[in-house]
Structure formats: C-alpha cells, structure tokens
Amino acid sequence: MTASLPRQAMSPDEPQRPPEDPRHRFRRRALTLLIIVLLIGVPAGYLVISADQSRNSGKDKEKKYSATGLTAGWPSRVQRRLYQVPIPGKSTDVAYYETNNWKTSRLYVQFGTTQAGLDQFLKGVGTSRSALKKDHLTISDRNQKVVGWEFTGVGPWWGLVHKQKDPAPTQDIVVNGSETDHPMVYIVSRTIP
C-alpha cells in the first residue's frame, strides 16, 4: 500500500486565480508547441540538410574517381613522390591517372621530353638508358586498356621494368623514340599499400 502525501492547502495570503481563459490556454499551448518544434525540428532539419550535402559530396567524389582515362596535367607532388615518378621540367603532353584498391595502387603517367630529359627521368627513377630493351613493351595489355594506350604506332619502342623492394614502387616504363629529339615516355608505377 502506498502512502499518499497530504495536499497542501492554499495560502490565505495568495489570491485565488480565476479559471484560465480559453484564448489564453490556446496561446500557451501554441507557444509550447512552437518551442518544441524549434527545439526538435531545427536540429533535425539541419541533420537532414547536412546528410544530403555529405551524400552529394560523396557522389561527386565517386564520379571524379570512377572516371577512366588520363587527365591532362601534372600529377600532384605527393603522387610523384609516392610513386617515384620524377617528370622532368619542361615536359610536354603530360597526363596522368591514378587507381587505388585494397590490393594495389597505380599511377599511370605519360609525357614528352628531350633526350636529356629522358636521361634525367631514368636517373631519377634509379635506372639508366642502358636498361631499356628494344621492342620490349613492359606495360601489360590490361594496363594499356585502363588509360587507352596503344603501342602499335611507329617506333622504335623501348621498355624496362624497374623492380624495387616493397614498399617502394615497381615501374613499368615504355619509351617511344619515333621522334628522335622528343621521346614520349609512358609509365605505370604500382605500390602495394
């Protein structure tokens, strides 16, 4: 059995309140409802808008990174350093494409350079012109398809594979020497994260 508390009697000094006017009650309830809506509705609306913006941002990034093919321009310095692709200054027709998955990350790069630029590039990679083998296309058909390269035109074509111990990247390099003074270099540098 629960004990009930005695009711406190009204103070004789306190005046009695008249019954609440229906209009006043309506205003009080409307104000209470407005406060509840503002306290719950505004943050909820903010969350919905924020979630939508976040989702749209993800879609934009997905669209950007699901595009296939080369992007004209230079890869970032971080990409060049990570994949060890030292593109010589004053190179032309520079384009790149990066792919990442849980197993392997690849940077595809192409650029035109000079004979001195080619030597500088090969030295920067850690190899030399003597490692290039004539008619040795080291970039696989699969990797060629990823970026739309076709090594079927006028040559001579030269290639090499520069293997390094993990986590350093392995580089497949192909050089088109059809323009003697301006060789075109193609490289696929891959790392295992």
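I started in strand 2, where I found Asp93; strands are DSSP runs of E with at least two residues, helices are runs of H or I with at least four, and both are numbered from the N terminus. The model is predicted, so I took local features at pLDDT of at least 70 and side-chain atom pairs at pLDDT 80 or more, while totals for chains, interfaces and linings use all residues. Residues are numbered from 1 along each chain as its sequence is written, and side-chain values use heavy atoms, with hydrogens and water left out.

**Backbone entries**

I looked up Asp93 for its phi, which is positive at about 50° although the residue is not a glycine. Is Asp93 buried or exposed? I read a relative accessibility of 55% for Asp93, so it counts as exposed; the classes are buried under 20% relative accessible area, exposed over 50% and partly exposed in between, with a 1.4 Å probe and protein chains only.

I noted a positive phi at Lys90 as well, near 65°, again in a residue other than glycine. Lys90 belongs to the loop between helix 2 (77-82) and strand 2 (92-100). With 82% relative accessibility, Lys90 is also classed as exposed.

I then checked for a cis peptide and found one between Gly155 and Pro156, with omega about 10°. Pro156 sits in the loop that runs between helix 4 (141-147) and strand 5 (157-162).

How many residues of strand 6 are buried? I count 7 of the 7 in residues 170-176, so the strand is largely enclosed by the rest of the structure. In a regular strand, side chains alternate between the two faces of the sheet. I therefore listed strand 6 by side: Thr170, Asp172, Val174 and Asn176 are buried on one, and Gln171, Ile173 and Val175 are buried on the other, so both faces are covered.

I looked up the pairing next, where two strands pair if DSSP finds at least two bridges between them. Strand 5 runs antiparallel to strand 6 over 6 bridges. I noted two positions along this pairing: Gly159 is opposite Val174, and Trp157 is opposite Asn176.

Strand 6 also pairs with strand 7 (residues 184-191), in the antiparallel sense and over 7 bridges. Here Asp172 faces Val188 of strand 7.

Strand 5 has a further partner in strand 4 (residues 133-134), antiparallel and joined to it by 2 bridges. In this pairing I found Lys134 opposite Trp158 of strand 5.

**Gln144**

I placed Gln144 in helix 4. Gln144 has a relative accessible area of 10% and is therefore buried. Which residues does Gln144 contact, leaving aside neighbours within four places in sequence? I listed Ile139, Trp149, Glu150 and Phe151, with contact taken as heavy atoms within 4.5 Å.

**Aromatic pairs**

I searched the whole structure for aromatic pairs and got 8. Rings of Phe, Tyr and Trp (its six-membered ring) pair if their centres lie within 6.5 Å; planes under 30 degrees apart are stacked, over 60 edge-to-face, and the rest tilted.

One of these pairs is Phe111 with Phe121, edge-to-face, at 5.2 Å centre to centre and 75° between the planes. The pair links distant parts of the chain, with Phe111 in strand 3 (residues 105-112) and Phe121 in helix 3, 10 residues apart.

Phe151 and Trp157 are both buried.

Last, I traced which rings are linked into a cluster by ring pairs. The cluster holds Tyr97, Tyr108, Trp149, Phe151, Trp157 and Tyr186.
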